[in-house]
Amino acid sequence: MKTFENITRIKITHAPTPLEYLPRLSNALGKKIYIKRDDCTGLAGGGNKTRKLEYLLAAARNEGADTLITIGGIQSNHARQTAAAAAKFGFSCHLILADVKGAPKKDYYHNGNVLLDKLFGAVIHQVDDSLNGEELAEKLAVKLTLAGKKPYIIPVGGSNEIGSLGYIRCAKELAVQIRAQKLSLDYIVLATGSAGTQAGLLAGLIIENIDIPVLGICVSRESVLQKALVKDLLERTLVQIGMSASLAKDRVITHDGYYGEGYGIANQATIEAVNQCAKLEGLLLDPVYTGKGMAGLIDLAKQDKLGSNILFLHTGGSQGLFAYSDIF
Ligand SMILES: Cc1ncc(COP(=O)(O)O)c(C=O)c1O
């Protein structure tokens, strides 16, 4: 039977990532704020995709693939980390990157993540956001196969039941740190988009018998849809490691109050959260994901809705700051 421990992975992550206390932000909010530094996972500047790619690359290798295809927005952190992993492990890499309407113009198309994608040697296919990325990926895979390649498609954000396994590993790491530091956390807060991080983390906490609520701050869609997406992936992740899908019941919480005008568009609260963390803690967030996640944490903590001890899961993304010079 498949158990979590016997699923193959390629070790990439600099783990365990630190679990730190943020004293000056804590002071400002009148709560104890902790941070799990998954912006320090290594691989092209780090971020949550390192953990997912450990399993996705192992699956690609098992299938004999020589080329990775993935999908994202122009400033996708997932694309940047996939391009780096491809370079490191000898795959070719094709990125289907969709335009993001309403994003800043000045540096968006050539700086930040896109600049790094090119540095890692990825082939970039820039497409209109009205097109279906998955369909384009399938078509590209057919074309590459006809040309003698062996492509492997990694879904948006690396979020399927394989990629999510990386966050089971994160939850296990977190469990050890929480016990060692004798923390009693009331909430874990993170940015949720393609859903794999929240789903995997919850699966891991379920395995560890930890029932701290995990609040996903939506960055890609409204709460009802996001919650359904995370729950579905959590169920599939649990089943794939031999556990019951019913364990997902009542575990997924999402909040779309910090989503603003849409994916990739930073609102005032996001800009303030990025500025506040930089100035109080010397900590880099990003305008697309962690800035929104932190804006949610700050606002809800001020309203006393997250208890006294709150952990922020930093999922990376600060490379994207350089594409948003217009707003900082
Ligand atoms: C920096 C950062 N944080 C959070 C997320 C959201 O994680 P997930 O897509 O697993 O929900 C992403 C996804 O691309 C990301 O790049």
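Predicted model: local features only at pLDDT ≥ 70, side-chain atom pairs only at ≥ 80, totals over all residues.
I started at the ligand: one of its oxygen atoms lies 3.1 Å from a polar side-chain atom of Asn-48. I count a polar contact as a pair of N or O atoms within 3.5 Å. Residues are numbered from 1 along each chain as its sequence is written, and side-chain values use heavy atoms, without hydrogens and water.

Next I looked up Ser-194, where a side-chain N or O atom is 2.5 Å from an oxygen atom of the ligand. How much of the ligand's accessible area does the protein cover? I got 98% of the 390 Å² that the ligand has on its own (Shrake-Rupley method, 1.4 Å probe).

Then the neighbours. There are 16 residues around the ligand, and Lys-49, Lys-52, Ser-194, Thr-197 and Thr-315 come nearest (near means a heavy atom within 4 Å).

Last, I checked for cavities. A cavity here is a set of points on a 1 Å grid over the protein atoms alone where a 1.4 Å probe fits but cannot get out, and lining residues have an atom within 4 Å of a point; the volume is the space filled by probe spheres set on the points, which are joined across faces, edges and corners. Its lining includes Gln-75, Asn-113, Asp-286 and Tyr-324.

Terms used. 1 Å grid on protein atoms, 1.4 Å probe; cavity = no way out; pocket = protein on both sides within 12 Å on 5 of 7 lines; lining within 4 Å. Polar contact = N/O pair within 3.5 Å; in protein donor to acceptor, adjacent residues only side chain to side chain.
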